[in-house]
Every structure is written in C-alpha cells, then in structure tokens.
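Me: Please take a close look at one part of this structure. Then show me how the rest is built, in plain steps.

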Amino acid sequence: MLLPEDAARYRAEALAALRAGRMSPECSIEGLAVKLSDLVRIRKLIAAVGSERLVLRYLAMDAAFWTKAQQLWGGILYESSTAARYLFLDETIDVQEEVEQIRKNGPTTTGLLEPGPAVVWNEEAREVWAIGLAFRGAEPPVLRAVAFERRAVVWESDALGVDLPEWRSDYAARGERLYVAVRDKKLAALDLGTGKVLFRIEVPENISYTERGERDVHDIHLPGGGGVVVIKTQYPQSIRAFDRVAGEPRWHFDPGYNQTVTAEVPGIGVLVTGADQTGKFAAVLDGRSGEILTVQGSRAGRYNGLATGAGVCGRRLVCAGARAGRGVGSLQVLVADAGTGELLAPIVEANVRPFGEPVFVGDRAFFIDAFERSIVAVRIPTGAGASPLEVRETTSCANGVRIQQILAASDSVVALLATEGLGAQLGIAVFDATSLALRGESGFLGGSSDPRERALVVSGGLAVLATRNHENGPYTLSAYDVQRGTRWAYAIDGGRAHAFAGPRIVVWKQTETLLLRAEDGMSIASL
C-alpha cells in the first residue's frame, strides 16, 4: 500500500500525463456499462440539476442500477491512476447543454405518479393515499397526493420548489402531518390533508432512517397545546427538537455513540437509548426542554449495561440489564414511571438476557433473548404498590433456528424465525401473550427477501411475510392469522417491498405499486 505522500505524487504525475495527452482518460469495469466518463458526467448532471431522480429519468436509467454502479466504482476510485482520470474528466466534461435540455424539456410522468411513491393511511379520509412526484415536462415537478383506489388527485403542490423529495423513504406520515426530508439537511412539514407547507427548516446533520426505512421523525403533542418535532440525526448522532408550529430549534441532546433508538412517550417526550464512554443507558427526555426526567443505566450509575433492553408503554419505562458486580447471568428488570423515575414495583433479578427494544401486548413487555433463542416476557405493574414484577421465558428454539424479529399482534406475539447459515429459510411462530404457549407456526415458507426491507409486517391479528428463494424469483407474500393460521399466499414477479396501509397491503414493484386487500390478498388497484 502506498504512503499518502507517494499516492499524491503518483496521482499528480498521472494528471500531468493526461493533460499532456500521453495517457487515455477513459477506463471501465468489466461487465459494467457505466464507464468512468459516464460516472463523472452523471454526477455532474445531478449536481447541476439538483435532482437525481430527474437526471435518471432523462437517461432512462434504473435507480438500483445507478446505485450499484457507484458502489462498484467506489471500490477503485482511490487508486492513483483512476483518481487522476476522474479529476481530469471532471475538469473537461461539460454538461451545461444537457442541463439546459433537462430543464427545458423535462420528462412527463405518464401516470398519476412516478413509480415507488410513499403510501399512507389517511385516518381522517379513511382511505389509502399515495404521495410522490409527478413531472410535467418543462414545468417544475409537483408533489402530488392521490387517493389510491379512486385514482383521483387529492392535492398537488410546487411550494417546495427544487427541494422535492426523491424517494418514498424521505416521507414520514405522522397523524395529520406529512414530514418530508427534502434534502439530507432539510425538513419540511406539510398538512397531510391539503399539502400546505407548514414550515421548512435546515438541520445541522443528516436525518437518519428508522428500521422501517423512513426518516426518523417524531411528532410529540404536549399537554396544554403545542409540542415538538424530534428528529434523530447521524454523522454525528444526535437528538434534536424543533417547535411543532414554527419549526424553531428547541433543544439538542447528545446520546453518545453507537446506535440510538428513540420512542415517543405520550404527553411527556421521548425515550433515548444509547451508549457513551461509561456504558449503555436509557433516558426519558422532557419534550419541552430536553432535560432528562429519568435515566437508568450507565448515566445513572446504577447498573452495568442496564439498557440492553428498554422501552416505554404509556408512562411506564421497562428496563433490563446486568447488576453491577454480578456475573453475566445475573440480570435485573425494573419498571418505573417514565416521568418521575419512581419504581412501580421492587426490582426483580432473573437469569434472563433481554435485548433490544421490546414490544407490548396488554400489561406485558416482550424482548428477544440476547442469544436469539427465546422470548422473555415481563408483566408490568399498573401503578405504585401493584403486584410485583413477573419475568418468564419461552422454551428455546430448535437447534439451528433463531428469532430474528418479534411483533405484537392482537393478543399474541408473532416471531420471525430464521434458519442459520447461508440460504436462510424464514417462518412464523405465534405465542399466546399471557401464557407464552405456542399457538401455531407456519413452517418455513421460503428464503430471505431483500435484507434492506422488513420481511415481516403485522396489523391487527394478521402477519404477512415476504420470501424469495433466489434473486430473480417471485416475491411471495404469505399471510398468517394468529387465530386461524395460514390465510393466503400471493407470488408477485418483480416485488421489492411491502407494508400495511390501514386495511390494505401495499406492494412496491420497479415500475408500479399494487394495493391488496388484507383479508384475502386480492389485488384491487395499481398505480
């Protein structure tokens, strides 16, 4: 490996040879249609036009292909000769004429929306809406909301100008509001019903994503009116709050390093779990001021690694972790008032290893065991002086099987099971929330779907799992009712992701979006 000063010298020599015409500036990767000059040209077009999606539409290039091309080139751009070629091409390629052509004769959306819109359930209208971009040739594109089943435009807005969102992951519907990350460091709040822009703000760091694949935005209503919008950012990680009405900055919290998770505490603020130099912690922050109302774990000096598992249910904070000075197997579980930190029952020691964010069913919190072999249940007291905590655990999975995810479903807990090793197979198991008895299981239904998307989603008492046995195979949805067992299966060529939207299931494909009826899997509309 070259030392930095040697690499810089070789790059400068190569750049001089290119400028003198002694070296060809072009190079390519075998099997990839995007040459180095194409990479430079496309990047310059995107920078000048300000919209990756608009440029890719102009070039008739698939977004996934463009992402793959950048990843492949990214692995060799650090090489001195390739870096010199890149710099030379960046100096010499002129894209101004193409930029003007894109702006003057932009693409026109053939349908109501561009492929891959965000799909949300509008509670007030009681229907599914699709929200995304629509290009109008030379006119500026608009943000458009469409009633999916009626195929009717509800509203459209060009108020965001060139800062229109590119992908469905840039949207987060929160009640009557739609939050849009119009750029990595900009956030806009819109009225979901009308499309009116309520505010648009700049933030210091990039807004991160949740596990659901949408921007990490929380809309917190507080007693007495008003509230805050809380976002999680990355590079560096931080928690920032803005006034819900005016968008003005309110407070900032540094959660330390490593992954942080935020959960809303209704009427109070947010739960933050993270780690710093002293270990793991869980803290409830006041929504108005950002001050810590209650904290468990390292920042409280109470336990080593308390927040291996932490979550909130109403005003109740549930935490688990190792007791200071004890062995790994000696853990404690506590339940406290989220606003005051007051213990609602004596702390319980148990030989369990809860891990991650819990799910809640009734008065119980459920964690995956740290070894991903069983589910740990904690019965939560309803108030001070109530009956003591009760900690139970399911029997372990069979050898070679682990629990990848758990979700609440009606009066049950649904677990996503996965076999270990290459070619993992996925299946569903359902446990009774009260007794932890196994209610039923689907058997293994197929191979893993796209790991970037959630394979299992749940609504009410219905769980829907996506599987794909090979990369180009059909995207198969299998519905499992927690009371009645298997309901239906539907194989979709070209399926990429799925989610619930009220009583419907939305399936995204490369060129269209489908809407299915949850009860029978029947396709009822497409955009």
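Reply: Start with helix H6. Its buried residues pack against helix H2 (36–49) and helix H3 (52–59). This is a predicted model: local features need pLDDT of at least 70, side-chain atom pairs count only at pLDDT 80 or more, and totals for chains, interfaces and linings use all residues. Residues are numbered from 1 along each chain as its sequence is written, and side-chain values use heavy atoms, without hydrogens and water.

Helix H6 spans residues 96–104. Helices are DSSP runs of H or I with at least four residues, strands are runs of E with at least two, and both are numbered from the N terminus. The buried residues of H6 are Glu98, Val99 and Ile102. Buried means under 20% relative accessible area, exposed means over 50%, and partly exposed lies in between (1.4 Å probe, protein chains only). The three cover an arc of only 105 degrees around the axis, which puts them on the same side of H6. That arc is taken from the directions from the helix axis to the C-beta atoms. An α-helix has 3.6 residues a turn, so residues three or four places apart point the same way. On the other side of H6, Glu97 and Lys104 are exposed.

Now look at another helix. Ala14 sits in H1, which covers residues 4–19. Is Ala14 buried or exposed? Its relative accessibility is 11%, so Ala14 counts as buried. Beyond residues up to four places away in sequence, Ala14 touches Met23, Ser81 and Ala84. Touching here means contact, with heavy atoms within 4.5 Å. Ala14 and Ala84 are 70 residues apart along the chain, yet their C-alpha atoms are separated by 5.9 Å.

Next come the strands. S1 and strand S2 (residues 127–136) run antiparallel and are joined by five bridges. Two strands pair if DSSP finds at least two bridges between them. Within S2, Ile131 stands opposite Ala118.

Four of its five residues are buried, so S10 is largely enclosed by the rest of the structure. Strand S11 (residues 227–234) runs antiparallel to S10, and five bridges join them. His218 has Val230 in S11 as its bridge partner.

Further along is Lys509, in strand S35 (residues 504–509). At 19% relative accessibility, Lys509 counts as buried. A polar atom of the Lys509 side chain lies 3.3 Å from the backbone oxygen of Asp493. Neighbours within four places in sequence aside, Lys509 is in contact with Ile492, Asp493, Gly494, Gly495, Arg496 and Leu514.

Last, the whole chain. The protein chain has six helices and 37 strands. Of its 527 residues, 52% count as buried. Take the contacts between residues at least 6 apart in sequence: 44% of them join residues at least 24 apart. The chain exposes about 23,900 Å², and carbon and sulfur atoms supply 49% of that. Such areas come from the Shrake-Rupley method with a 1.4 Å probe; for residues, only the protein chains shown count as cover.

Technical notes. A polar contact is a pair of N or O atoms within 3.5 Å; within protein, one must be able to donate a hydrogen and the other to accept it, and residues adjacent in sequence count only if both atoms are side-chain atoms.
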